[in-house]
Structure formats: C-alpha cells, structure tokens
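Work through these exercises with the model open beside you. Try each task before you read its solution.

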Amino acid sequence: MNHSERLRILDEEIDESIGKTQNAKTGEEVKVSIIEFERLMLTREKIFTEYVMSQRESKKKESKATGWQLLCIQGIAIIVLAVAVILLKQ
C-alpha cells in the first residue's frame, strides 16, 4: 500500500473519529475519542512526512539521472564532432 492510499484511509478514520466525538454522550466517551483522534493525527503526520521525504529522494535521484544523461549526450556530441573533423581532414 502506497503513502497516498494510507493517507486516504487515515483521513476516513479521522472523519469517523470526529463523528464519534460529536456523538459522544459522556465525558469518558469524549476523552477516549479525542485520544483516538490524536493517535490518528500523529500517525497521519508520520506517514505524510515519509511521503514528503520519499518524494524529495525521488527528485534527487531524477536530477542525478538527468545530470548523467546530459553528460552522456554531451560526451556523444563531442565524439561525433571529433569524428566529423577527422573525416573532413581526410
């Protein structure tokens, strides 16, 4: 299960938790539902942070890959130019 699916499920659970708090009849029920809400929010924050960090890591890898691709293309272009110069001198 990926981060966005986990976040979606947690959002649904958080909505249910808010409903439980609104429908609570005793102070104890309110207390329990608030504790559950806090637990869900902390879990959501953790998963969201993991998601953001994984996105940053992916972007770093992409930029490194793009950098290497550009270097390879430049290297090939230099080789092609060198071959063209050699062929023109003959």
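The exercises below concern this predicted model.

**Exercise 1. Describe the fold of the chain.**
Task: Find how many helices and strands the chain has, and compare its radius of gyration with that of a compact globule.

Solution. 
- Step 1. Count the elements. The chain has 2 helices and 0 strands.
- Step 2. Take the radius of gyration. The chain has 28 Å, whereas a compact globule of 90 residues would have one near 12 Å.
- Step 3. Look at the box. Along the principal axes, the C-alpha atoms fill roughly 95 × 15 × 15 Å.
- Step 4. Check burial. Of the 90 residues, 9% count as buried.

**Exercise 2. Examine helix α1.**
Task: Compare the span of helix α1 with the expected span, then list its buried residues.

Solution. 
- Step 1. Set the limits. Helix α1 covers residues 3-23, which is 21 residues.
- Step 2. Compare the spans. From first to last C-alpha, α1 reaches 30 Å, close to the 30 Å expected at 1.5 Å a residue.
- Step 3. List the buried positions. They are Leu7, Leu10, Ile14, Ser17 and Gly19.
- Step 4. Recall the helix geometry. An α-helix has 3.6 residues a turn, so residues three or four places apart point the same way.

**Exercise 3. Trace the contacts of the serines.**
Task: Which residues does serine 17 touch, leaving out those up to four places away in sequence? Which does serine 33 touch under that rule?

Solution. 
- Step 1. Start at serine 17. Its partners are Ser33, Glu36, Phe37 and Leu40.
- Step 2. Go to serine 33. Its partners are Ser17, Lys20 and Thr21.

**Exercise 4. Describe the surface and charges.**
Task: How many positive and negative side chains does the chain have?

Solution. 
- Step 1. Count the charges. There are 14 positive and 14 negative side chains.
- Step 2. Locate the two sets. Their centres lie 11 Å apart.
- Step 3. The accessible surface is about 7,600 Å², and 63% of it belongs to carbon and sulfur atoms.

Technical notes:
Residues are numbered from 1 along each chain as its sequence is written. This is a predicted model: local features need pLDDT of at least 70, side-chain atom pairs count only at pLDDT 80 or more; totals for chains, interfaces and linings use all residues. Side-chain values use heavy atoms; hydrogens and water are left out. Helices (H or I, at least four residues) and strands (E, at least two) are DSSP runs, numbered from the N terminus. The expected span of a helix is 1.5 Å times one less than its number of residues. Buried means under 20% relative accessible area, exposed over 50%, partly exposed in between (1.4 Å probe, protein chains only). Contact means heavy atoms within 4.5 Å. The radius of gyration is taken over C-alpha atoms; the globule rule is 2.2 Å times the number of residues to the power 0.38. Accessible areas come from the Shrake-Rupley method with a 1.4 Å probe; for residues, only the protein chains shown count as cover. Lys and Arg count as positive and Asp and Glu as negative; His and the chain ends are not counted. The place of a charge is taken as NZ of Lys, CZ of Arg, CG of Asp or CD of Glu.
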